[in-house]
Amino acid sequence: MPASALMNVMIKAARKAGRALSRDFGEVEHLQVATKGPADFVSRADTRAEKMIYEELSHARPNYCFLMEEQGEIEGADKTHRWIIDPLDGTTNFLHGIPLFAISIALERDGELVAGLVYNPVMDEMYTAEKGRGAYLNDRRIRVTGREKLEDSVVVTGIPHRGKPGRERFIHECRQVMQTAVGIRRTGSAAVDLCWVAAGRFDGYWERGIQAWDMAAGIVIVREAGGLVSDMEGENNMLTSGSVVAGNPPVQQELLANVTATPAPRA
Ligand code: IPD
Ligand code: CA
Ligand code: CA
């Protein structure tokens with residue numbers, strides 16, 4: 001299916017920022033040997049990419065609102081549309097020279113997610129989806145896996161990083177899932193996790209404590225690939241609760257039941 005006018009706008013913004021991030025990623029790999037570390041450099045790359053995306057999108061759709069990781073909320077005259085953007089999801093990977101990171105752009109219309117794009121410029125993988133039009137990896141249509149049981153599944157998760165609450169609870173959830181699933185993976189990018197579920201690389205994904213911009217685009221992509229996405233209550237409040245469980249339909253349900261099975265410590 002040829003990309004819609006809307007998707008072309010999103011693709012153009014992502015490709016432009018992707019070129020800049022790829023260049024910066026090449027630099028960061030050299031900086032690994034420096035003792036001072038490339039953290040400031042990466043945060044500049046992040047801000048620059050977000051600015052590029054913002055400029056492209058606000059030029060093409062001048063009245064839409066924005067929610068961006070770096071600049072926060074920017075109000076527009078058209079309150080029915082909102083872009084939700086993470087210019088660099090997988091910052092720790094980027095900083096350490098690991099080529100698993102992505103640009104994430106979603107569009108919300110009347111509070112509903114209607115379009116999503118996730119682009120990993122190093123692997124040149126562009127995931128796109130619009131409500132009712134299917135999900136794509138570059139030009140190829142993608143679908144979630146057909147596995148029916150968690151015991152046959154490889155699932156992915158996000159580990160709370162140092163200083164973040166919820167570590168004990170996470171360990172408890174992992175223990176639950178490990179008893180059944182074939183294996184658990186961690187990529188370091190929530191956007192990539194969701195897209196790899198959509199592309200059939202993982203059967204399921206769960207994480208708590210993430211932000212709207214980490215998951216908004218990926219949610220549309222998983223749904224359009226035939227998957228299910230909910231929060232930990234089984235509801236559709238992922239963006240506000242910060243929790244997400246995704247997967248092919250039976251595995252999503254079983255994963256949700258496993259993760260929430262027994263009362264877990266909140267620490
Ligand atoms: C992070 C990634 C990671 C998730 C973290 C996020 P960032 O986003 O999505 O997979 O576990 O919670 O903060 O900081 O790399 O944009
Ligand atoms: Ca992020
Ligand atoms: Ca980010």
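User: Which residues are the protein donors of the calcium ion (ligand 2)?

Analyst: Please note that this is a predicted model. In general, donors are N, O and S atoms close to the metal, and for Ca the limit is 3.2 Å. Here the protein donors of ligand 2 are Asp86, Asp89 and Asp214, each through OD, and they lie 2.1 to 2.2 Å from the ion. Their spacing in sequence reads D-x2-D-x124-D.

User: Where in the chain do Asp86 and Asp214 lie?

Analyst: Asp86 belongs to strand β3 (residues 78-89) and Asp214 to helix α6 (residues 212-224), so the pair links distant parts of the chain, 128 residues apart.

User: Are Asp86 and Asp214 buried or exposed?

Analyst: Buried means under 20% relative accessible area. Both Asp86 and Asp214 are buried.

User: Which two ions does Asp86 bridge?

Analyst: Asp86 bridges the calcium ions ligand 2 and ligand 3, which are 3.6 Å apart.

User: What surrounds ligand 1?

Analyst: A polar contact is a pair of N or O atoms within 3.5 Å. The surroundings of ligand 1 comprise 14 residues, with Asp89, Gly90, Thr91, Ala190 and Glu207 the closest. Polar side-chain atoms lie 2.5 Å from a ligand oxygen for Glu207, 2.7 Å for Asp89 and 3.2 Å for Asp86. The protein buries 85% of the 380 Å² that ligand 1 exposes when taken alone. Strand β3 gives the largest share of the shell, 3 residues.

User: Which pocket does ligand 1 take up?

Analyst: The space taken by ligand 1 is the largest pocket.

Technical notes:
Residues numbered from 1 in each chain as written. Chains lettered and ligands numbered in written order. Predicted model: local features only at pLDDT ≥ 70, side-chain atom pairs only at ≥ 80, totals over all residues. Heavy atoms only, no water. Donors = N, O, S within 2.8 Å, 3.2 Å for Na, K, Ca; no water. Helix = DSSP H or I, 4+ residues; strand = E, 2+ residues; numbered from the N terminus. Buried < 20%, exposed > 50% of the residue type's maximum accessible area, 1.4 Å probe, protein only. Near = heavy atom within 4 Å. Polar contact = N/O pair within 3.5 Å; in protein donor to acceptor, adjacent residues only side chain to side chain. Areas by Shrake-Rupley, 256 points an atom, 1.4 Å probe, with all protein chains shown as cover. 1 Å grid on protein atoms, 1.4 Å probe; cavity = no way out; pocket = protein on both sides within 12 Å on 5 of 7 lines; lining within 4 Å. Sits in = over half its atoms within 2 Å of the grid points.
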